Each structure stands twice: as structure tokens, then as C-alpha cells.
Amino acid sequence: MFSFRVRLIATVIALIALTAGTVAVVSYVLVRDSLRDQLVSDAVTRAEFNINTLATPEQLSLSAGREEFEASGLADRFLLRGTGGIYVEFPGGDTFSSSLDLLGVEGLLSADLRQIVDRGEFGYEFMEVADVPTLVVAGRRPPSGPDFFFFDSAEDVENAINQLARVLFFVGLGVVLL
């Protein structure tokens with residue numbers, strides 16, 4: 001019914017659309033993963049330094065609670081190093097939050113992240129805190145705490161990823177139309 005020329009043109013357009021879509025999806029995934037991996041890498045490195053180098057037993061005793069932590073000045077040192085917010089759980093059940101946005105955050109932390117911290121490892125997860133995409137990196141000061149949760153905004157990375165998705169969509173659409 002359709003001429004060979006029409007079918008050939010439709011096939012070429014479909015192949016161009018498929019190619020443009022594939023390139024866009026692969027580009028999006030690679031850039032998204034790279035940006036998030038860099039954010040995580042920087043935040044984990046900072047958290048490891050904060051816990052292993054700054055929060056030593058000499059700076060904060062093994063039996064410390066919220067009052068001793070506040071008096072130590074560690075929260076200010078952590079914040080000056082680029083951490084967006086801090087939540088600390090002390091062995092005795094006491095807690096510290098560096099901002100009002102982090103009050104009640106313990107209910108948002110996943111059981112998986114808590115298990116990683118309980119094993120003495122550093123872990124991370126992405127979540128929304130006060131409607132802001134946030135990366136949480138957590139770790140325990142050996143041997144028994146306290147448990148530190150460092151919050152860093154992921155808003156810039158997520159905005160860049162969303163902008164990339166829009167650009168790739170419109171460029172792909174333009175290629176197909178052209």
C-alpha cells in the first residue's frame with residue numbers, strides 16, 4: 001500500500017529515533033551515576049575523617065553524651081569542614097541534632113543503614129529532609145559509638161541530573177524531527 005520510499009523513510013526515522021533514545025538513556029545513566037558517586041565519595045571521605053581523626057577518644061570520651069559533645073566543639077568543626085548537618089546517637093540513648101530540620105530524623109533512617117553502622121562500617125543513603133534531596137553518610141566511632149549521621153544536600157546534583165534529562169529529551173526530539 002505504501003511505496004518502498006515511504007517505508008524506507010519511516011524505517012530510517014525509526015532507527016534514528018531508536019539510536020537517539022539509546023544514546024540519551026546511556027548518557028543520562030552514566031552521568032547520573034558519576035555525579036552521585038562523586039558526591040558519595042566526597043561525603044564518605046569527609047565522614048571518615050570527622051570520625052576517625054577529629055572525634056578521637058581524647059577529644060570525646062567513650063562515655064560521652066550530648067552535653068560533652070556540645071562542649072567539645074566537634075559539631076562546629078564538622079560543619080566548617082562542609083557537612084550540611086549532623087545527627088548523633090550516643091550509647092546511653094542521648095541524641096544531638098545540629099538543626100531543627102534534623103529533629104526527628106531518626107524515624108527516616110533506614111534499618112539497612114543502621115545495620116551497616118552497627119557492624120562498624122560506613123554507609124550512606126539518599127533521602128528527603130525538609131523536602132530537600134539529601135545524602136546521609138553514617139558511621140560509628142569504634143568500638144561502641146557514638147553513631148554519627150552526616151547530612152549533605154544533594155539538591156545541586158539532582159538539579160543537574162534533571163536538567164540533563166530535559167536537555168537530552170529535547171535534543172533527541174530535535175534529532176528525530178530533523
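A search of the whole structure turns up 10 aromatic pairs, where a pair means rings of Phe, Tyr or Trp (its six-membered ring) with centres within 6.5 Å. Take phenylalanine 69 and phenylalanine 148: their ring centres are 6.1 Å apart and their planes sit at 55°, so this pair is tilted. For the angle classes, planes under 30 degrees apart count as stacked, over 60 as edge-to-face, and the rest as tilted. The pair ties together distant parts of the chain, with phenylalanine 69 in helix 2 (residues 66–72) and phenylalanine 148 in strand 5 (residues 147–153), 79 residues apart. Both phenylalanine 69 and phenylalanine 148 are buried, meaning under 20% relative accessible area, while exposed is over 50% and partly exposed is in between (1.4 Å probe, protein chains only). These two also belong to one aromatic cluster made up of Phe69, Phe78, Phe90, Phe96, Phe148 and Phe150.

A word on the ground rules: this is a predicted model, with local features needing pLDDT of at least 70 and side-chain atom pairs counting only at pLDDT 80 or more, while totals for chains, interfaces and linings use all residues. Residues are numbered from 1 along each chain as its sequence is written, and side-chain values use heavy atoms, with hydrogens and water left out.

**The overall picture**

The protein has 5 helices and 5 strands, and along the sequence they run α-α-α-β-β-α-β-β-β-α. Helices (H or I, at least four residues) and strands (E, at least two) are DSSP runs, numbered from the N terminus. For a compact globule of 178 residues you'd expect a radius of gyration near 16 Å, but this protein has 24 Å; that radius is taken over C-alpha atoms, and the globule rule is 2.2 Å times the number of residues to the power 0.38. The C-alpha trace spans about 85 × 30 × 25 Å along its principal axes. Buried residues account for 34% of the 178.

What share of the contacts between residues at least 6 apart in sequence join residues at least 24 apart? That share is 54%, with contact meaning heavy atoms within 4.5 Å. The accessible surface is about 10500 Å², and 59% of that belongs to carbon and sulfur atoms; the areas come from the Shrake-Rupley method with a 1.4 Å probe.

**Arginine 77**

Arginine 77 lies in helix 3 (residues 74–80) and is partly exposed, with a relative accessible area of 37%. Leaving aside residues up to four places away in sequence, arginine 77 touches Leu54 and Gln59. As for aspartate 101, arginine 77 is 24 residues from it in sequence and 19 Å from it in space, C-alpha to C-alpha.

Is aspartate 131 buried or exposed? Aspartate 131 is exposed, with a relative accessible area of 72%.

Further along, a cis peptide bond joins proline 142 and proline 143, with omega at about 0°. Proline 143 is found in the loop between strand 4 (132–140) and strand 5.
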